[in-house]
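Colleague: Could you take me through this model, with the cut-offs behind each term?

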Amino acid sequence: MTTEAHVDCAAVLERLEELLDGDLHDVAETESGVPAIRRHLDACPECAAELALAATLRRELRALPELDAPDALIDRVLDATVRAAEPVPVPGRWAAFRRSLEGLLPAPARWAAATLAAAALAILVLVPRSHGPTPDPANDPELARAIVEARFALAYLGDLGRGAGVEIRDQVLRDRLVAPTVRGLLGPSGAREPADAAPSTYNPGGSGRPAPLSDDPPPSAPRRS
Amino acid sequence: MWKPARTLWITLLFLVPTTVSAQATSLADNPGYFPIDELGIFSADDTSVEINLTGAMLRMIGKVTADDDPEFSAIVSDLDAISVRIAPMEKLDPAATRDAMARGAALLEERGWQTMVRIRDTDEQIFVYSREAGGEMAGMTVLVVDEDEAVAVNLIGAIDMENLGSLVMGLDLHQLEEALEKAEEKP
């Protein structure tokens, strides 16, 4: 535990992981040593930048969907990077990881190792997940509700389509079959006439509807079955 | 001093959100998108049903329902978004609502949407429009006003009308309405 008198950059970097894990505000209020770290971060732009970078990266990565990489790929990446090093202590994993690389590999090899790690992460992002447990709506109220909402939306569209289809069908039948037949049989005067009178046309893109026949009630197709 | 590790992480930082954003472009940029909220009808107080489902959740729904309801799963998995707004007419001004819906229909036509259904009656208006992109259906917008309620629906994605038609035959709207109300009541 560092004293409040002096905290150097190495000590701060070692505590970055704890700071990010422990909710910065709470840690600042309850743990000794944190105020000194905070003062150092306020005074040291490099350490502050490291903290900001780590926090941003963590946030961005956590916002990604959970994906599974093939085990073989993970093994290959780890074998090429950190497995050869000594075990990394749990506290301060971030700084310890960096130190293990710096002490273990020369600069070009560290660069290659980091590139491999980046490539593995890019593959995790780009390759869609094909395995993994399926969420259970019984344990996920938000998912269960979303399923109901999706079904409702599609059911409503279907109900609307049925109603609109019925109405259009009735209108088309009336205009193209019933009305011409009636006119053909009875004519405007009510007397029987030849059935070659021109029917009205149905225009689905037009506004309004033709006036109904005098004895027919106004059509109103139900939207809910 | 050049720090390759830091450079790498910064590069990665840009790579990840760029990749994610490429996979999830803004809905507003999608040709099948229509801003039903901009109709000015569905305020938070007046709306009785508000549904907003986007691609990630829809694909999750498709995955979860794949075994039990493959037809529903297939339709939902192809959608990028579902937006629904329903407001009871008792809370709205009927004339203003009908005018707003008619303006919405005109706006859809201005933006190149194609008319599928257009019914205007004294008691109800039904407008159904579709949008194509690349030779496939990219979206559907439905605007309905009747004596009971005003409804706006926007679907974004590849909508298979044949499968949708056969699917909805088995869906009971009233049961789903009750289920939706129960789901909304839960904390």
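Colleague: In E2(B), which residue is the bridge partner of Ile51(B)?

Modeller: This is a predicted model, in which local features need pLDDT of at least 70, side-chain atom pairs count only at pLDDT 80 or more, and totals for chains, interfaces and linings use all residues. Side-chain values use heavy atoms, without hydrogens and water. E1(B) and E2(B) run antiparallel and are joined by six bridges; two strands pair if DSSP finds at least two bridges between them. Strands are DSSP runs (E, at least two residues), as are helices (H or I, at least four), numbered from the N terminus. In E2(B), Ile51(B) is bridged to Val84(B).

Colleague: Which residues form the covered face of E1(B)?

Modeller: In a regular strand, side chains alternate between the two faces of the sheet. On E1(B), the uncovered face holds Glu50(B), Asn52(B) and Thr54(B). The covered face holds Val49(B), Ile51(B) and Leu53(B).

Colleague: Which strands are the edge strands of the open sheet in chain B?

Modeller: The sheet has six strands with antiparallel pairing, in the order E1-E2-E6-E5-E4-E3. An edge strand pairs on one side only, which in chain B applies to strand E1 (49-54) and strand E3 (114-120).

Colleague: What is the bridge partner of Pro88(B) in E6(B)?

Modeller: Strand E2 (residues 79-88) of chain B pairs with E6(B) in the antiparallel sense, over nine bridges. Within E6(B), the partner of Pro88(B) is Glu149(B).

Colleague: Is Asp146(B) buried or exposed?

Modeller: Asp146(B) sits in the loop between strand E5 (136-145) and strand E6 (149-157) of chain B. Its side chain reaches the backbone nitrogen of Asp148(B) at 2.8 Å, and that of Glu149(B) at 2.8 Å. The classes are buried under 20% relative accessible area, exposed over 50%, and partly exposed in between (1.4 Å probe, protein chains only). Because its relative accessibility is 9%, Asp146(B) counts as buried.

Colleague: How many of the residues in chain B are buried, as a percentage?

Modeller: Chain B has six helices and six strands. Along the sequence they follow the pattern α-β-α-α-β-α-β-β-β-β-α-α. Of the 187 residues in chain B, the buried share is 45%.

Colleague: Why does Leu177(A) count as partly exposed?

Modeller: Leu177(A) belongs to helix H8 (residues 141-186) of chain A. Leu177(A) is classed as partly exposed because its relative accessibility is 48%.

Conventions. Residues are numbered from 1 along each chain as its sequence is written. Chains are lettered from A and ligands numbered from 1 in the order in which they are written. A polar contact is a pair of N or O atoms within 3.5 Å; within protein, one must be able to donate a hydrogen and the other to accept it, and residues adjacent in sequence count only if both atoms are side-chain atoms.
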